Amino acid sequence: MTARARHGCGALALAALTLQMGCSLGRFDDQRDRAWADATDHPDGVDGREYPIAVASLSSVRPGAHFVTLAADPPGLATVSYGISGSYEASGVNLPEIAADALASTRATVAAANTNVAGADSAVAVGGLGDRSALLIYDARSGSEGPVLRRVIEASECGGGRDLGRHMVWTRTALGVTDEAELVVSVEGGLIIFVDLAADSTPLSYVRCAIADIKGMAAADFDPTSLGDELALGLDGQVVLTHATTVAFHSDRGARCFTEASPFASIPSEGEADFGAMLAAGNSNELAIPELAIAAPSAGKVYVFSDMSTSGPSGPPQALARENVSPSFATSMAFGDLNGDGFDELIVGDPGDSPSGAVRAGSAWVYAAEQPQGRVTYQELAHLYDRDPEADQRFGTALAVTQHSGTLGKTDVLLVGAAHELFTYFRALAAGVDPRE
């Protein structure tokens with residue numbers, strides 16, 4: 001494990017990040033008016049010059065925060081853990097040769113299971129390998145041990161097609177024998193649901209749906225009357241919501257099953273060609289009412305639909321608009337409760353933004369949910385970027401939110417990927433003024 005000189009603790013003003021040395025997570029957790037942040041470079045075993053290009057949260061019974069990061073050129077996967085005292089451990093591995101020549105840094109994806117998967121303590125899927133069209137299934141294990149490759153799933157094993165896993169989610173479908181989540185992945189011209197996927201040589205069982213090429217994907221319990229969660233799929237000119245459990249399923253469990261996904265709701269675009277290029281799902285308040293964020297990068301807009309119901313959105317969206325955005329606006333999005341108030345904040349990344357004039361230094365904006373008169377609305381609360389932004393730093397390339405069990409209570413941890421380093425915000429929205437400023 002290595003760390004940059006500015007690795008340590010810091011105070012977060014709303015417009016910038018300051019990193020200083022010599023602090024512990026426990027100390028800053030006791031002082032809620034300070035934001036604790038950390039910037040680290042490559043974990044042991046990962047040599048990728050593009051790091052991290054994707055981040056995913058891991059569920060674990062161990063205290064602290066745990067996640068995986070994906071690198072490229074050459075490709076690698078690392079498991080990272082922060083203990084409740086602020087201790088950091090990470091270990092990674094380079095991806096096998098089947099991915100080395102195929103991985104494109106702007107296309108690769110990583111998804112971590114939030115429930116148990118047979119044959120892995122913490123199952124992680126790596127996809128988006130382009131023409132190579134395969135999924136790599138890892139057991140992430142702990143930060144000190146690092147990931148281990150358990151299985152390679154070729155596209156030919158599940159009907160063929162290019163770019164398997166460009167979009168992926170683990171979600172409940174009620175299709176399998178177990179109650180654990182299934183892996184849902186996109187493929188050219190369709191999507192595939194791997195049922196009761198195991199991280200070993202157990203024969204594959206899957207459902208395959210023929211559908212237009214998917215631009216974005218998210219999953220949430222949009223319809224509480226149905227079994228399992230629902231899928232939100234970004235297609236040409238619209239986002240459709242579909243019940244994963246309504247797709248046809250044959251009793252032989254191994255046959256390819258081509259069918260049209262039947263949406264229960266459709267959300268049309270406002271004319272943007274890239275509407276639905278990025279999707280994120282969250283909960284607007286403690287009642288766990290689902291919400292959906294839909295990006296239209298070319299227009300510099302993110303549409304947020306609150307109070308999703310069995311028939312789709314219950315009202316019009318709120319459009320969060322930014323002017324003079326780069327073509328990479330909304331490359332990454334995530335929901336998370338960053339201040340422990342019971343409401344999810346929305347975080348939107350733009351690695352092509354140029355804060356303080358630093359070209360492509362990158363930014364992320366945090367929008368806070370408010371509910372003054374019954375309707376949830378979002379207001380910009382924080383603009384995050386490195387206090388000393390560097391050209392081509394590409395802060396905001398990847399975003400993820402993970403839980404920190406222990407002293408941080410219910411407050412989520414925000415992970416922001418940049419070129420050659422990962423920023424971890426433990427108190428991104430701490431209230432008050434830092435007394436050192």
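Me: Leaving aside its neighbours within four places in sequence, which residues is Arg62 in contact with?
Reply: The model is a predicted one, and in it Arg62 is found in the loop between strand S4 (50-57) and strand S5 (65-72). Once the neighbours within four places in sequence are left aside, the residues in contact with Arg62 are Ser81, Glu89, Ser142, Gly143 and Ser405.

Me: Is Arg62 buried, partly exposed or exposed?
Reply: Buried would require a relative accessible area under 20%, and exposed would require one over 50%. The relative accessible area of Arg62 is 34%, so this residue counts as partly exposed.

Me: Which strands stand at the edges of the open sheet of four strands?
Reply: The order of this sheet is S8-S9-S10-S11, with antiparallel pairing. The two strands at its edges each have a single partner strand, so one side of each is left without a neighbour in the sheet, and these are strand S8 (109-112) and strand S11 (148-154).

Me: In S11, what is the bridge partner of Ile137?
Reply: Strand S10 (residues 134-139) runs antiparallel to S11, and six bridges join them. Within S11, the residue that partners Ile137 is Arg151.

Me: Which residue in S27 does Phe335 stand opposite?
Reply: Strand S26 (residues 332-336) is mostly covered, with five of its five residues buried, and Phe335 points from S26 the other way from Ser332, Ala334 and Gly336, as Met333 does. S26 pairs with strand S27 (residues 345-350) in the antiparallel sense over five bridges. In S27, the residue opposite Phe335 is Leu346.

Terms used:
Residues numbered from 1 in each chain as written. Predicted model: local features only at pLDDT ≥ 70, side-chain atom pairs only at ≥ 80, totals over all residues. Heavy atoms only, no water. Buried < 20%, exposed > 50% of the residue type's maximum accessible area, 1.4 Å probe, protein only. Pairing = 2+ DSSP bridges. Contact = heavy atoms within 4.5 Å.
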